[in-house]
Structures are given as structure tokens and as C-alpha cells.
Amino acid sequence: YRPLSASEQINFLKKIRLYIQQQKYDEAVSLCKTLINLALEGLSYYHTYDRLFLGLSIAMGFVGWTTYVILVIIKAHTNLTKTIPTNKKKSTVLFYGFTSAGMIIAFFLLIQKCPWTYYIYCLLPVPVWYAVVKEIPVIQDLATNVLSLHVGQSIGFLLVCVLGIEILVFSFFYRSALTVGLLVFAGWPVITQLWIQAKTKALIWTLLCVLLAIFPLMPVVGREPNIPLVITAGLLTLLISFFSLASLCKSENKYRDNEDLKVYFYQMFSVALSTYVVGSTHNSLKIKQGLPIMNQIISWITLVSSPVLLLLSPTFLFERLFSILLSLMSTYLLLSTGYEALFPLALFGLMFMWINMEQEALQHYSLSLKPKLAVFNFTCAMDITQFRQLHLDDVRRSFFFVFFIVTAFFGTGNIASINSFDPASVYCFLTVFSPFMMGGLLLLKVS
């Protein structure tokens with residue numbers, strides 16, 4: 001850092017000492033302040049002098065990887081490109097060109113005596129962009145198809161994509177951005193005319209979107225327990241379970257034996273026990289009687305048995321989803337202290353409706369015949385390319401998927417909230433301070 005080289009430092013200190021000796025204290029203080037500012041600027045320089053260079057390298061790697069993935073998807077799963085035989089001569093020239101570029105970068109880093117991590121950041125984009133440039137025919141075909149589209153529609157689609165991504169980015173800083181996204185999702189059936197063919201489903205979808213949109217507006221789960229809300233969530237889960245079980249029993253897909261039914265009853269009993277344990281534990285703590293040992297045992301047994309019971313459930317779509325809800329809720333209730341206990345119910349309801357809405361969308365866009373969801377089985381490995389090519393609507397579907405993951409993670413708080421968590425969240429499992437155990441349980445809750 002040239003403004004504060006070794007000789008400059010010595011000069012500064014000499015002048016300061018001289019001013020002090022001459023009793024010119026104002027000049028000495030002024031010079032000290034200048035030296036302090038230069039020192040701070042020097043620190044900033046040493047922290048950031050390679051930032052632009054490394055940032056560009058990393059950005060090149062990410063952009064290259066994203067471009068390559070898009071090209072592979074377009075090539076393998078759409079009919080936008082033609083199969084063109086590869087030109088071996090061009091491929092060889094490209095290979096030597098990128099190899100030379102990699103060697104030049106490595107030499108440049110070597111003479112600068114850079115750390116080994118710099119080699120990873122700077123050399124990784126070379127093979128990635130080589131893979132991209134090899135797909136030039138695909139890029140040309142794609143450009144031709146894009147140019148043939150209506151300009152207004154293309155710009156509109158691009159703006160919607162940018163807006164959607166910006167909402168996702170803002171949601172990392174402002175949870176209320178998720179509310180905006182969910183309210184836009186609520187209007188999706190109306191915008192795409194889906195509500196005409198499925199009015200009831202569209203109405204339920206809209207109501208659930210609005211319901212879920214409330215949660216990001218609420219404060220991050222704080223230090224004020226509201227156990228009645230947790231008990232309400234447990235009772236609602238049981239009510240939904242009874243209706244779902246009755247519906248499944250009446251459906252065409254009958255249970256082969258009573259074993260499946262037994263698993264659901266065990267899970268429902270587990271949810272009922274969790275609801276009781278939460279209320280009982282917090283009442284006991286309120287009257288200063290501590291955590292009842294039986295409640296503690298039930299809590300730990302529930303934590304271990306829930307995933308096991310889930311694996312024993314049937315693999316048909318609705319049955320397995322129903323089992324997932326019961327399994328998650330029985331554990332989540334034990335780790336809840338307020339309104340967050342209602343969040344998984346709202347999210348689960350919306351996810352369930354999303355499956356039904358996507359089924360309607362497939363038929364709406366005439367991409368395939370309306371599939372029977374009841375016969376979908378999680379044990380069957382199905383390749384979607386056997387049924388249809390990708391459609392522009394799949395971009396929207398992918399965005400929904402990512403948005404719902406972010407909503408699930410930031411809906412009631414996030415991993416950062418563990419730093420200021422409420423110990424009441426883990427009182428059903430332990431009341432003695434144990435940071436590792438408490439932290440583990442909180443991580444499980446967030447997950």
C-alpha cells in the first residue's frame with residue numbers, strides 16, 4: 001500500500017514526535033488523525049485489493065455453469081435444436097485455445113505467488129466455458145428461435161422472470177417480499193384462465209396463498225410463548241387427519257390390509273400425544289414443577305419414532321403425503337411455542353393444492369392427458385421425458401418450486417434466529433441448559 005509504505009510511516013512518526021517536542025499539539029493531533037485514516041484505508045486495501053479480480057472469476061464460473069446447464073436441458077429435453085454432427089477440427093482448435101488460456105492464467109498466478117485457492121477460482125471457469133462454447137450450434141438454434149418470437153411477448157416474459165428473481169433476492173433481507181410473491185401466486189389461476197376449468201380448486205388455491213402470505217408479515221418467533229396456538233394446530237391436524245382418512249377409505253384405491261391403517265392411527269395418536277405433552281409441559285413449568293419425566297420420555301420417543309412410522313406408510317402419492325404431514329407435525333408441535341405451529345399446516349395445504357393445480361395446468365396447455373394422481377407411486381422411477389418435452393410453463397413451475405422452498409425456510413424465521421432463540425422451544429425435551437443439544441434441536445426445527 002504505497003501511501004503508507006515503511007518509509008512513509010517513519011516520516012509520519014518523526015514529524016509527530018517533532019511537533020510534540022515543539023508543543024505544536026494541534027498539528028500533532030491532525031497528523032495522527034491523517035495517519036489513522038491512512039492505516040484504516042490500508043486495512044481496507046489489503047482486504048479488498050483482489051476483490052474485483054476474484055469476484056469476476058467467480059461470477060464467470062457461475063454464469064458459465066448456469067449457461068451450460070440451460071444448454072444441456074434445451075438440447076436433451078426440447079425440440080428447439082437440430083442434431084448437428086460435431087466438427088472435429090473446430091473442437092481441436094477450441095481445446096488447444098482454452099488449454100493455452102488456462103496455462104497463461106496459471107503462469108500469471110504463479111509469478112504473483114498467489115494462494116492455491118486462487119487457482120481454483122480462476123481456472124474453474126476455463127473448462128466450464130469450453131463446454132459452453134462447444135455447444136455453439138445449440139446457441140445459434142436457440143437464438144434463431146428467440147428472434148422468431150413476438151418482441152413484446154419476449155420482453156414481457158423476461159421482465160416477469162427478472163421481477164420474480166428480484167422478489168426471491170429481496171426475501172433474504174425482507175421477509176415481507178414473500179408475501180408479495182404469494183399474493184401474485186394467488187392470482188395465477190385468474191391470469192392463466194385456469195379457474196374456468198377448475199373453479200373450486202382455484203378458489204382453494206387463492207385462499208391458501210393469502211393465508212400463507214400472512215406468516216412472513218408476522219414477527220420472527222420470539223420470546224412470548226403462545227401455547228394455545230400450538231394446541232390449536234395439533235387439534236386442527238387431528239381434524240384434517242380424520243377427514244383425510246375417511247376420504248382415503250372411500251376412494252377407489254382401497255387398503256390392501258389393515259397394516260396401512262394401523263400406521264396412520266399410530267401417527268395420529270402420536271400427534272395427539274404431542275399436543276397433550278406441549279400443553280402439560282408448559283403448565284407444569286408455569287407452576288414451577290419442572291419438566292415431567294413422562295413428558296420428556298414421550299417427546300424423545302416421538303422424535304425417534306416419527307421418521308420410522310413414515311417409512312412404513314404406503315408409497316402411493318396421497319397416502320405418503322398424508323403420512324409426511326402427520327410425521328412432521330408430531331415432532332414440530334413439540335418444538336413450537338406459538339403461531340409457527342400453524343405454518344406447516346398452511347404450507348402443506350398449499351403444496352397439496354399445487355399438485356392438483358399443476359395437474360389441471362398440464363391439461364390446460366394440452367401437454368398431456370389429465371393424469372390420475374391417486375395411482376402415482378413413489379416406488380416407481382418415472383422419466384418425464386418419456387411423456388413429453390419441456391414447455392415454457394416449466395420455467396414457471398421451477399420458479400414456484402424454488403419460491404416455496406425459500407418460503408418454507410424464511411416463513412417464520414430462519415437459521416439466523418437460532419442466535420436469539422427462545423429456550424421454551426426445547427422445554428419438552430430438556431430444561432437443563434445444554435447448548436449443543438438445544439442447538440441441534442433448533443436446527444432440526446428449522447430444517
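Reader: Hello! What are the ground rules here?
Author: This is a predicted model, where local features need pLDDT of at least 70, side-chain atom pairs count only at pLDDT 80 or more, and totals for chains, interfaces and linings use all residues. Residues are numbered from 1 along each chain as its sequence is written, and side-chain values use heavy atoms, with hydrogens and water left out.

Reader: What makes serine 327 count as buried?
Author: Buried means under 20% relative accessible area, exposed over 50%, and partly exposed in between (1.4 Å probe, protein chains only). Serine 327 has 7% relative accessibility, so it is buried.

Reader: Why is glutamine 23 called exposed?
Author: Its relative accessibility is 59%, so glutamine 23 counts as exposed. Lysine 288 is exposed too, with a relative accessible area of 76%.

Reader: Why is H16 called roughly antiparallel to H17?
Author: Axes are lines fitted to C-alpha atoms, for helices over the stretch in contact (heavy atoms within 4.5 Å), and angles run from 0 to 180 degrees between N-to-C directions. Helices themselves are DSSP runs (H or I, at least four residues), as are strands (E, at least two), numbered from the N terminus. The axes of H16 (residues 343–364) and H17 (residues 393–410) cross at roughly 175° and come within 12 Å. Angles under 35 degrees count as roughly parallel, over 145 as roughly antiparallel, 65 to 115 as roughly perpendicular and the rest as oblique. That makes H16 roughly antiparallel to H17.
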